[in-house]
Every structure is written in C-alpha cells, then in structure tokens.
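Grab a pencil and work through these exercises. Try each one before you read its solution.

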Amino acid sequence: MPNTSSGYPRIGILVVAYNASTTLAKTLDRIPVDFRDKIAEVLVLDDASHDDTHLEGQSWAERNHLIKTIVVRHPKNLGYGGNQKAGYRMAAERGLDIVVLLHGDGQYAPEMLPEMVAPLVRGEADAVFGSRMMEKGAARKGGMPLYKLVGNRILTKVENRMLGTSLTEFHSGYRAYSVRALSEIPLQNNTDDFDFDTQIIIQLVHAGKRIVEIPIPTYYGDEICYVNGMRYAKDVVKDVVEYRFASKGFGTSTWVASPDEYAFKDGDGTSHAQILDMLASAPPSRVLDVGCSGGRLAEFVRAAGHHVTGIDYIEVPSVRERTDAFHQVDLQYGIPEEVGTGFDVVIAGDIIEHVARPGAALREMRRVLRPGGQILLSVPNFGHWYPRTRTTLGMFGYDRRGILDDTHLRFFTRSTLRRLVRQSGLDILEERTTGLPLGVVSEMDGRRLRLLRRVDRGLVKLRPTFFGYQFIMRLTPHAEEAQVVHG
C-alpha cells in the first residue's frame, strides 16, 4: 500500500494511453517494486482507443491489487493535450500532491520514476523534466532517428532563445509536476494537440515556477508515432511567438496568464508619468484615484505629499497599504457617499474607456470635486496608426493591454474625447499627448531606444491625432453660473 506517513506527498502516476494494448501492461510492470509503496494511485487514461487498451489496464489492476489503479476510458478522443488536462484535473480532485506523466507505449522508462519525483519530494522544484539530451550521444544510442534529433535541437534552441531559458530539451514527454503548481496556471485553456507540452512549459516559465531537468535514457521501439512532425514544429514555433506577443500585451491568448493588477506605466512620457508631472506643482491635496487597481500610481502620489483615496470594482492585494483609504466601488453605479466629496483632484487614468457610460462617469467625478477642483484624465487614442492599420487591413482584434485592450468598452479619438468632455460639463485647462510605450514593448538597448523615442516624439508633435498614443487632459468644471462679485 502507498506510504501515507505524515508529511510524505501523495504521488500519482498519470498514464496516457492510445492504442497501447500491446505495451501498456509491460510498461506498468516496469515500475520499480521498491517504489510502489510510495505511489498513492495510478491513473490510466485510455483516450478512446480502437483496441483493448482499457481492458489491458483493468486486467493489470486486478493482478496488481497492492497499487490502487483507476482505469478511465474516454468515450471520444480528447487528443494528447486533452487527455492530459483530464488527468491533471482528476489528480487535483483526488488530492494528489505530485503527478508523473508516463506514456503507455513504454517510450519513457518507468524505472526512472524515483529520480523523477525526488526533486519535488525535497521541495526543490515545481516541475521535473526528463531530458534525453543532457548526456551527449545518448539519444542516438537509444535509437532516436537523426532527423528527430536535429529537429529537437533546433526547436529547443529557438524556444530557449525566445523564452530566455536554458533547457536541454523541450520535447520530452516524461514530466513530473507539483499539482499545486498546475493549479496556478491556466492549463485548461491549452491546446488539445501535441504542442500542449510546449504550452505548459511556457506557462510554468511565465509563472516563475522552478523547473529541474534530469537525464533519462532514450528508447525507440515499435510504437506508432501519431505526431505530424512538420505541423508540430509549426505549432511549437507559433506558441512561443504568441507568448512573446502576449507578454508584450498583444493578442488575447487565454492560455497565457494575465496579471490581476493593472500595470503601473512608468517611464518618460507615459500617461502615469504625465499625471505625476501635472501634480508636481500642486500643494498637498485630497486626491481620489478612480480605478486605482493595486495602488501603484497612488503610492507615488502619496509620496509627493498628497492624501489618496482609491476606488476600484475589485480589491487587489496590498492596495490598502498603498492608499490612505480604499473603497470597493463599481463606477457604473456612481460614486457612493462613503467615498466622500470635496476632493481637490480626481485622477482618472485609463478608466472611462472601460465603462459603458463614460459621460456619466465623468459627471460623477465632477460631482465629488470641490469648487475649482481638477480632473486628470488619460485616454488611449483610437486614431493612432496601430488600430487604424489593423482596421484598414481587416485585422481588427483585441489585445491584452494598450489601445485595443480587450476590457475596453469605448474607443476615443481626440475629437470625440473633447466632445465628451464638453458634454460632461468640463473645460480643458491643459492637453498633452504621449508617444508609444516603447519601454514596455521594446527590448532595444538604451542608445537605440533613446533614438527611437526621439523619432516618436517628433512624429507625435508633427501629427498628434495619428501618432499620439494617449491623450492626457487637465479638466475643471465648466462655469455655468455667473458669479456675483458685487451687488
């Protein structure tokens, strides 16, 4: 029976199998005898095989009753990635701490199971990958065809370069994972195809998880390969390119995790930098930060000597430490009384494009201002060349952030923004335009980046409606009533 002593992790072996009736039992027989008491459960997932794979699994389970073995047969084929997703979901539901991916065709050595789980048991890793490339010449000695070896090395080099990693192999299917680590990445959004293994590596790297590699023997026998090599290579390259774009804010890849906190826009010329500059000459003031997210901007405003009240529809951890007061508010229903009134400044940094009724939101901000108070407003420019080009080419789509952020409900050009401001009872005291957020999307060195910024600033000055990335405005309530100064 499995070792259930206090503190020892519950280890599960996830066996993915497809048409593996001739190899499944032989593969399971190779699980080391002295390791079997460490195994809590063996999960055999037959992915709608056309042979007797599930019957072979059940027969093996009956002969080896000392290892708890559960055999599941999917009524339809889920695909290599889909089968894994089902298995990892099952591992979590059954309370496993560690799950090892083992292929039912015997291509990966069950004899290495103790070594695969050891770094996880010791708490040194979140994932362990078996690598056939760590020992020079071992892959060829194990029968790996030359074209696969060359393709493996080329793809691994490309992936390492694009992800900033140094793994010896990306394409081994021998994996061991912390179930907790798997629960913290959006693997259910991954592909059901063979590049699932690449996507899960990218997710682990993106989440900052610890990956350890160990050398494993290579074995190529009579198993049937269901992988289309050229399609697989194309999919793998597409995945790493898609991730690079997603990490810079482009596209809406659901399998790449998005941060919960709205990012602080630092750097020269950004909207947040411009807002801070507008506040630089202001005396200590009562400031309302609308849509404060995690309070990153509020932290700088407070450091400048202002009292900051933050509001947002969700509460991001640490926001209360970065603001003087925080209220959870859904702006579409207005600003409640408990937030207060009489604010000297209201900051609306990249907010009104997220609400269905931006005019009503601006009027609410005007309402909570003291007489003569100001609103500092920043809004992305939909007239910028980037969304214009995508629309013209018929490639309109949303991104993870920026002008085409997929949470934006409204888009503004300079003229429509000015019109909205006037209709909301506000006057424009000052207007600024920012350039591209080059520090976020570019990996150029300092000298080339500075040159590109100078060019971009020149273009913004030449034609702000086309090259301007964001508009920043200093607003004040319109003087609708005459003031009687003597009577």
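Strands here are DSSP runs of E with at least two residues, helices are runs of H or I with at least four, and both are numbered from the N terminus. The model is predicted, so local features need pLDDT of at least 70 and side-chain atom pairs pLDDT 80 or more, while totals for chains, interfaces and linings use all residues. Residues count from 1 along each chain as its sequence is written, and side-chain values use heavy atoms, leaving out hydrogens and water.

**Exercise 1.** Find the strand that holds R432, then work out which residues R432 touches.

Solution. Start with the strand: R432 sits in strand 13. Next, look for contacts (heavy atoms within 4.5 Å). Skipping residues up to four places away in sequence, R432 touches Q274, D277, M278, Q470, F471 and I472. Now check for polar contacts: N or O atom pairs within 3.5 Å, where within protein one atom must be able to donate a hydrogen and the other to accept it, and residues adjacent in sequence count only if both atoms are side-chain atoms. The R432 side chain makes one with the side chain of D277 at 2.8 Å, and another with that of E430 at 2.7 Å.
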